[in-house]
Amino acid sequence: MTRPHLSPLHSPAAATPAGPRRWLDRRRLVHGALLALMLLAPVAADLLGEVYYVNLASRIALVAMAAVGLNLAIGFGGMISFGHAAYFGLGGYVAGISAYHAFDGSLVMGLPGSDDMRVIWLAAVLLCGLLALAIGAISLRTTGVYFIMITLAFAQMVYYFATSWPDYGGEDGLPIYLRNSLPGVDTQDALSFFLICFAGLMLSLALTSRLMKSRFGAALTMARLNETRLATAGISPFPIRLVAFVVSAMITGLAGALYADLNGFVSPSMLSWQLSGELMVIVILGGVGRLYGPLAGAILFVMMETLLGGLTEYWTFFLGLVLLGVVLFARQGVIGWLAGSERHG
Amino acid sequence: MSVTLLIEQLINGLQLGTMLFLMASGLTLVFGVMGLINLAHGSFYMVGAYVTALTTASTGSFLLGLAAGVLAAAAAGAIVELLVIRRLYGRQHLDQVLATFALILIFSEGTRWLFGSSPLWLSPPEALSGSVALPGGARYPVYRLVIIAVGVAVAAGLYLLIAHTRLGMRIRAGESDREMIGALGVNIRRLYTLVFALGAALAGLAGSLVGALQAVQVGMGEPVLILAFVVIVIGGIGSIKGALLGALLVGLVDTLGRVLLPALFGQFMAPSEAAGAGTALAAMLIYILMAVILAFKPQGLFAAHD
């Protein structure tokens, strides 16, 4: 589809043609409502003693956070990565492997394991960044369909490595017997853990927002819209894209580390191509390149999974139909429909 | 490492290569002519395998089953093109990926709904169930050799079709300039449906043939699909020649790597570690191959166009 010429940025100021925005408009209202719902629903569930729903909210928050990472690549950077499960799963494996070694006191590559979440998060972010740096450096030499397929292929490489490497459970996965710890917080408590996940989500949203409002964000937008024009301005698109790709992977990886802790389990299914696809679906359902799109998409996706999954075993059949309908007929995504159009094409 | 084992694995690699070619040629044709990336290609592979297994089970004739499988895959392809794919030409790749991802969900869950999760079984026909002696004394199943022969025949047929028929001429014209052949009065919509159905039929043929070697089950198409992606990325998207070369390369490297690497690592490692490291590396080998090729030729070996 051709893209119409558009405003240089999707910063609020650029998006409204008619002067400065009012402090409270429809868009902010919708975003605020989403966040409030996200925060208050599990608090209420916890008060009612419904731990299941608190954990469901944690799941939504983490899936949304992973999708926020992917949205930075796809939506803001125009890099259609079909391999973000690699980072999600790697983050998960960092949490699993670190806990495993902390549990039996053995060393991993000369380092002791740790069940401190802060150590795990740091390691997950760094390792995902390194992996994305390597994959991005090769994949970003290509464009279009090649990029989609190459990112997919690299993620499959990581997947097959995980299934065939026997030390950490191979195909069976690796259990985390006791949720990793954070000083001053009872991570076993469902609501406390949800708040950690929610903080992670907020952090990733804030980071993306700051990034896209900076000079870097302007350059990234221009790299997506018109590479030549960016180059004319004396900025090489490749490093800009690579940095965005790496940051995107780091966010998704951190979400993965938390996700493994939520489930107490990490397995190659966290690395599977289906998961990459689902993350893409969430980004699209919510609205591509919209800051809050992934959150709306994640809420919709997990709710559909829970509700339809309760009605029929074959819920993904209906997910397929819904998705097909969205792609063919409703390309703005949920956020576009709720909060008004901000971006076309 | 005995020579016999090596020869056996070499033939296995060729067989995987021909299978991958059947899948990859359809993908690359569809991309070359219509500029469409189709994730649901693996679903046609599954349709072919299911219809062949069911028809063979009810009629007792593998040949009849094979024909039914290929026709069903072609029909499924034509229907999907008319209903969905047609709306995706000229859309962004992202839309194409998502819509065809949705098609995978619909096909896979639909099949599970109709036939359940337990796999169907399909045996090779009686006449081909024997084995022949290889040089060195080992026996090799005839059926696998027949698959290779079918693959070679299809490759030759595809070459003749594309190089020497009117349809082939239109396909080639479509690859180089879509608008122009439309302007010249070729019914481009029918051509697209035809090309898509042809690709689906090739995938169905691959599924039908392989169905006799492994379990026929939901999700069988996607691992092959991803390998086929690697093949066309290596070969150059849109190039049939590239698909053939890429398929053979991937088939041989993957099969031989799984045998040779653990043995190679065994030379300087403890046997248990060598098996683990060798297997893990072998599983990644084709992706490493792809990365290396792309590092030097970002457009693949035979770049057509993007």
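Where in chain A is the place of His101(A)? I find His101(A) in helix α4, residues 85-104. Helices here are DSSP runs of H or I with at least four residues, strands are E runs of at least two, and both are numbered from the N terminus.

Ground rules before I go on. This is a predicted model, where local features need pLDDT of at least 70, side-chain atom pairs count only at pLDDT 80 or more, and totals for chains, interfaces and linings use all residues. Residues are numbered from 1 along each chain as its sequence is written, chains are lettered from A and ligands numbered from 1 in the order in which they are written, and side-chain values use heavy atoms, with hydrogens and water left out.

**Entry: His101(A)**

Is His101(A) buried or exposed? I get 7% relative accessibility, so His101(A) counts as buried. The cut-offs: buried is under 20% relative accessible area, exposed is over 50%, and partly exposed is in between, with a 1.4 Å probe and protein chains only. I also listed what His101(A) touches, skipping residues up to four places away in sequence: Ser106(A), Leu107(A), Val108(A), Gly113(A) and Tyr168(A). Contact means heavy atoms within 4.5 Å.

**Entry: chain A overall**

I count 14 helices and four strands in chain A. The radius of gyration of chain A is 20 Å, close to the 20 Å that the globule rule gives for 345 residues, so chain A is as compact as a globular protein of that length. For the record, that radius is taken over C-alpha atoms, and the rule is 2.2 Å times the number of residues to the power 0.38. Along the principal axes, the C-alpha atoms of chain A fill a box of roughly 60 × 50 × 40 Å.

Of the 345 residues in chain A, 56% are buried. I also checked contacts between residues at least 6 apart in sequence: in chain A, 78% of them join residues at least 24 apart. Chain A exposes about 14,600 Å², with carbon and sulfur atoms supplying 66% of it. Those areas come from the Shrake-Rupley method with a 1.4 Å probe, and for residues only the protein chains shown count as cover.

Charges next. Chain A has 19 positive and 17 negative side chains, and the centres of the two sets lie 24 Å apart. Lys and Arg count as positive and Asp and Glu as negative, while His and the chain ends are not counted. Each charge is placed at NZ of Lys, CZ of Arg, CG of Asp or CD of Glu.

**Entry: chain B overall**

I find 11 helices and two strands in chain B. Read along the sequence, the pattern of chain B is α-α-α-α-β-β-α-α-α-α-α-α-α. Chain B has a radius of gyration of 20 Å, close to the 19 Å from the globule rule for 306 residues, so chain B is as compact as a globular protein of that length. The C-alpha box of chain B is roughly 65 × 50 × 40 Å along the principal axes.

Buried residues make up 55% of the 306 in chain B. Chain B exposes about 12,100 Å², of which carbon and sulfur atoms supply 68%. I have 15 positive and 12 negative charges in chain B, with mean positions 10 Å apart.

**Entry: the A/B interface**

How many residues of chain A are in contact with chain B? I get 48 from chain A, against 50 residues of chain B. The two chains bury about 4,400 Å² between them, 79% of it on carbon and sulfur atoms. Buried area is the accessible area (1.4 Å probe) that two parts lose on being put together, summed over both. On the chain A side, Tyr146(A), Met149(A) and Tyr314(A) lose the most area to chain B, together 17% of what that side buries.

I looked up Ile148(A), which sits in helix α6 of chain A. At 2% relative accessibility, Ile148(A) counts as buried. Ile148(A) touches Ile80(A), Phe82(A), Ile37(B), His93(B) and Val97(B), leaving out residues up to four places away in sequence.

Phe161(A) is partly exposed at 34% relative accessible area. Beyond neighbours within four places in sequence, Phe161(A) is in contact with Ala280(B) and Met284(B).
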